[in-house]
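Please open the model in your viewer and keep the selection tool at hand.

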Amino acid sequence: MINLITNKEDIQKMRIVGKISARVLEFIHPYIQPGISTEEIDNICHDYITKNMRAFPACLNYHGFPKSICTSINDVICHGIPNKYDILKDKDIINVDVAVFKDGFYSDTSKMFFVGKPNKNSEFLCKVAQLSLYLAIKLIKPGLRLRSIGKTIQEFVEKNHFSVVKEYCGHGIGRSLHEDPPILHYDTDDKGIKLKKGMIFTIEPMVNSGSSKSKLMKDGWTVKTIDESLSAQYEHTVLVTEDGCEVLTLREEESFLQEL
Ligand code: MF3
Ligand code: CO
Ligand code: CO
């Protein structure tokens with residue numbers, strides 16, 4: 001079943017919780033420096049979400065996940081667990097994935113950060129991942145078939161000689177963190193459902209510089225590329241509106257996106 005969120009009060013609550021997770025990514029930016037551990041990043045985000053925003057970090061205890069955010073460095077595709085041994089170093093790339101719960105509703109967003117000055121290849125990989133998300137967002141409106149999202153992302157990524165991870169996908173979101181429908185980031189022969197006003201879901205393409213294949217680490221969470229190639233991911237929570245969509249987790253630096 002696909003839940004629609006159409007009443008004003010609930011949409012307002014989704015806007016608030018969306019803004020909070022976007023704010024977390026803005027707040028953490030200056031801390032992403034060589035020498036900081038992913039555990040310290042987690043602590044800072046945890047305190048900001050709970051104390052400043054009076055909200056709850058939705059990853060914490062989610063199916064037993066032990067930390068408040070996911071931190072995925074270099075060849076980690078997603079679900080990296082913050083810990084005191086992973087210390088950021090110059091030229092690393094890191095995805096910080098933040099999911100927040102407040103007043104009955106969830107939001108979920110992530111972006112890449114560069115540690116020090118990135119090398120050209122990592123920068124380009126991240127750019128392609130980000131643009132693939134933006135291209136998909138620009139398509140969203142009532143009547144669009146779900147298949148178009150995955151097709152657009154995969155074609156763009158592969159045109160740039162990178163690959164799309166297929167084992168993990170976006171998801172409906174609202175009164176729970178993960179709901180139907182799954183949002184695939186690649187093409188299939190199923191045209192998929194038609195989008196309706198009031199649907200809320202994430203789009204979160206994971207883009208690898210080498211093989212698209214992933215492997216799950218022994219900790220039961222961390223997902224890495226099979227060939228140790230770099231991986232980049234960007235994620236937004238979007239609401240389907242009358243004639244397009246509203247990016248509920250939009251950051252200040254992305255305000256152009258809502259105007260396009
Ligand atoms: N934020 C992740 C997502 O994009 C969910 C992480 S679940 C966790 O769906 F338990 F790993 F935190
Ligand atoms: Co998500
Ligand atoms: Co997420």
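**The metal site and the ligand beside it**

Begin by selecting Asp108, which bridges the cobalt ion (ligand 2) and the cobalt ion (ligand 3), two ions lying 3.3 Å apart. This is a predicted model, in which local features need pLDDT of at least 70 and side-chain atom pairs count only at pLDDT 80 or more, while totals for chains, interfaces and linings use all residues. Residues are numbered from 1 along each chain as its sequence is written, chains are lettered from A and ligands numbered from 1 in the order in which they are written, and side-chain values use heavy atoms, with hydrogens and water left out.

Next, select the cobalt ion (ligand 2). Which residues coordinate this ion? They are Asp108 (OD), His171 (NE2), Glu204 (OE) and Glu235 (OE), at 2.0 to 2.2 Å. Donors here are N, O and S atoms within 2.8 Å of the metal (3.2 Å for Na, K and Ca). Along the chain, the donors follow the spacing D-x62-H-x32-E-x30-E.

Now select ligand 1 and the residues around it (those with a heavy atom within 4 Å); among them are Cys59, Tyr62, His79 and Trp221.

Then display the polar contacts (pairs of N or O atoms within 3.5 Å). A polar side-chain atom of Asp97 is 3.0 Å from a nitrogen atom of ligand 1. For Asp108, an N or O atom of the side chain is 3.0 Å from an oxygen atom of ligand 1. Glu235 likewise places a polar side-chain atom 3.0 Å from an oxygen atom of ligand 1.

Key. Polar contact = N/O pair within 3.5 Å; in protein donor to acceptor, adjacent residues only side chain to side chain.
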